[in-house]
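Reader: Could we go through this model together? I would like to begin with its pocket.
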Amino acid sequence: MEFPGLLFVISGPSGVGKGTLCKHLVNCEDNLHYSVSMTTRKPRAGEVNGKDYIFVDRESFLDKASAHEFVEWAEVYDNYYGTPWSELEAALVKGKDIILEIDTQGALQVKQKYPAAISVFILPPCEEELKARIKGRGSESPETMEKRLANLENELKVICEYDYAIINDSLEDALDKLKAIYTAEKCRTWRTLS
């Protein structure tokens, strides 16, 4: 399947700054839109249903998964997350570029089902900085934080499956690199000449 719009997949460890980078990039690019994922986790302070995530109960989520309504879905830290395929496809068909901020399990599923997706892995400058960022959120229990940090090694094992990698040691530098990737992908000859 090929669509006029581009699909960008952004992944990386919890707390690395994926969400911040994605929000800044979407604010800089007129044709880039955020895909809203569905989740069974509880909203964090300030999150809006339908804007940040579509919050549903486990039963509803699993019904949709059984009906193959997700392009990707996974259980992450005791909650389910998934990307509804119908909304994603409708946007890409209209020529909208879409950005997905998803975990590595979901990213690999998307690349398998849609190889034209452009994937970017965001890395922390070091593990200590990642710990500080997760603690700084103030929304994680000690147990959840330990699970997230323990998963770092597994997430790093799949980095070679991604098209690009960016170390988020400075928001400005990391955003410049992400913008450069977006611009380069928009300028690919096979996209502009077809």
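Reader: Which element gives the largest share of the lining of the largest pocket?
Author: In this predicted model, helix H1 contributes the largest share of that lining, with six residues.

Reader: Which elements each supply at least two residues of the lining?
Author: Among them are H1, spanning 18-28, strand S5 at 70-76 and strand S6 at 79-84.

Reader: How many residues line the largest pocket, and which lie nearest its centre?
Author: The lining is made up of 36 residues. Gly19, Arg41, Arg44, Tyr53 and Glu101 lie nearest the centre.

Reader: And how much space does the largest pocket hold?
Author: The space in the largest pocket comes to about 1000 Å³.

Reader: How do the lining residues divide into nonpolar, polar and charged?
Author: The lining has 13 charged, 12 polar and 11 nonpolar residues.

Reader: Turning to Ser37, where does it lie?
Author: Ser37 sits in the loop that runs between strand S2 (32-34) and strand S3 (38-39).

Reader: Is Ser37 buried or exposed?
Author: Ser37 counts as buried, because its relative accessible area is 6%, and the cut-off for buried is under 20%.

Reader: Which residues does Ser37 touch, leaving aside those up to four places away in sequence?
Author: With those set aside, Ser37 touches Tyr53, Ile54, Gly82, Thr83 and Ile102.

Reader: Now His68: what is its phi?
Author: His68 has a positive phi of about 60 degrees, although it is not a glycine.

Reader: Where is His68 found, and is it buried or exposed?
Author: His68 belongs to the loop between helix H2 (58-66) and S5. Its relative accessibility is 69%, so His68 is exposed.

Definitions and conventions. Residues numbered from 1 in each chain as written. Predicted model: local features only at pLDDT ≥ 70, side-chain atom pairs only at ≥ 80, totals over all residues. Heavy atoms only, no water. 1 Å grid on protein atoms, 1.4 Å probe; cavity = no way out; pocket = protein on both sides within 12 Å on 5 of 7 lines; lining within 4 Å. Points joined across faces, edges and corners; volume = space filled by probe spheres on them. Helix = DSSP H or I, 4+ residues; strand = E, 2+ residues; numbered from the N terminus. Nonpolar A, V, L, I, M, F, W, Y, C, P; charged D, E, K, R; others polar. Buried < 20%, exposed > 50% of the residue type's maximum accessible area, 1.4 Å probe, protein only. Contact = heavy atoms within 4.5 Å.
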